[in-house]
Amino acid sequence: MKSASVLSRALGYGAIATVAVAVLGSIVGFIVDGGAGLVSALLGAGLTALFMGVTTLSIVLAQRVTRDRPSSAAYFGIILGMWVLKFVVFVTVLILAREQQWMNPYVFFVAVVVAVIASLVADVLALKGAQVSHVRVDGV
């Protein structure tokens with residue numbers, strides 16, 4: 001399965017990016033708000049890493065269940081179901097953590113945004129090296 005190598009590469013690059021965001025975010029968060037900033041940056045980067053793993057898991061699961069037929073309704077159902085699960089978990093974390101003394105919402109927000117952007121860049125780098133077949137249709 002060619003997509004497995006792309007997924008593993010994306011997960012590897014994403015892990016590197018998340019660790020970098022966690023380290024740099026922790027340093028900046030600690031400078032900005034002490035322990036609360038440090039914990040907030042780690043939580044933001046960690047949550048993003050968890051979601052990257054869930055995304056990869058959902059794709060692998062969908063491929064196995066549908067026998068690698070991405071046009072199947074079950075494939076889309078699994079991917080969408082996992083997306084909804086990630087959304088519910090994210091909103092739950094936001095609600096539970098919003099008024100906590102150990103949480104700096106600004107550092108958390110910046111860490112999540114930077115980690116998401118870094119994971120998107122990691123995905124692009126992983127896909128850039130992939131050989132994707134294409135079909136040319138004349139006249140279109």
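Hi everyone. Let me start with a definition: a residue is buried when its relative accessible area is under 20%. By that cut-off, 31% of the 140 residues in this protein chain count as buried. Please keep in mind that we are looking at a predicted model.

First, the overall layout. The protein chain has three helices and zero strands, so in sequence order the pattern reads α-α-α. As for how the chain comes together, take the contacts with a separation of 6 or more: 72% of them join residues 24 or more positions apart.

The largest pocket has a volume of about 710 Å³. It is lined by 25 residues, and those closest to its centre are Phe 51, Met 52, Thr 55, Lys 86 and Asp 123. Which helices supply the lining of the largest pocket? α1, which covers residues 2–65, α2, and α3, which covers 105–128, each supply at least two residues. The biggest contribution is from α1, with 13 residues. Sorted by class, that lining holds 17 nonpolar, six polar and two charged residues.

You will find Lys 86 in helix α2, which runs over residues 73–97. Is Lys 86 buried or exposed? Lys 86 is buried, and yet it has no salt bridge. The nearest side chain of opposite charge belongs to Asp 123, and that is 8.9 Å away. What does Lys 86 touch, then, leaving aside residues up to four places away in sequence? The answer is Phe 51, Val 54 and Thr 55.

On to the second largest pocket, with about 190 Å³ of space. Its lining has 14 residues, and closest to the centre are Gly 25, Val 28, Val 107, Val 110 and Ala 111. Here the elements that give two or more residues are α1 and α3. Again α1 has the largest share, at eight residues. By class, this lining has eleven nonpolar and three polar residues, and no charged ones.

Methods
Residues are numbered from 1 along each chain as its sequence is written. This is a predicted model: local features need pLDDT of at least 70, side-chain atom pairs count only at pLDDT 80 or more; totals for chains, interfaces and linings use all residues. Side-chain values use heavy atoms; hydrogens and water are left out. Helices (H or I, at least four residues) and strands (E, at least two) are DSSP runs, numbered from the N terminus. Buried means under 20% relative accessible area, exposed over 50%, partly exposed in between (1.4 Å probe, protein chains only). Lys and Arg count as positive and Asp and Glu as negative; His and the chain ends are not counted. A salt bridge is a side-chain nitrogen of Lys or Arg within 4 Å of a carboxyl oxygen of Asp or Glu. Contact means heavy atoms within 4.5 Å. On a 1 Å grid over the protein atoms alone, a cavity is a set of points where a 1.4 Å probe fits but cannot get out, and a pocket is an open set with protein on both sides within 12 Å along at least five of seven lines; lining residues have an atom within 4 Å of a point. Grid points are joined across faces, edges and corners, and a volume is the space filled by probe spheres set on the points. Ala, Val, Leu, Ile, Met, Phe, Trp, Tyr, Cys and Pro count as nonpolar, Asp, Glu, Lys and Arg as charged, and the others, Gly among them, as polar.
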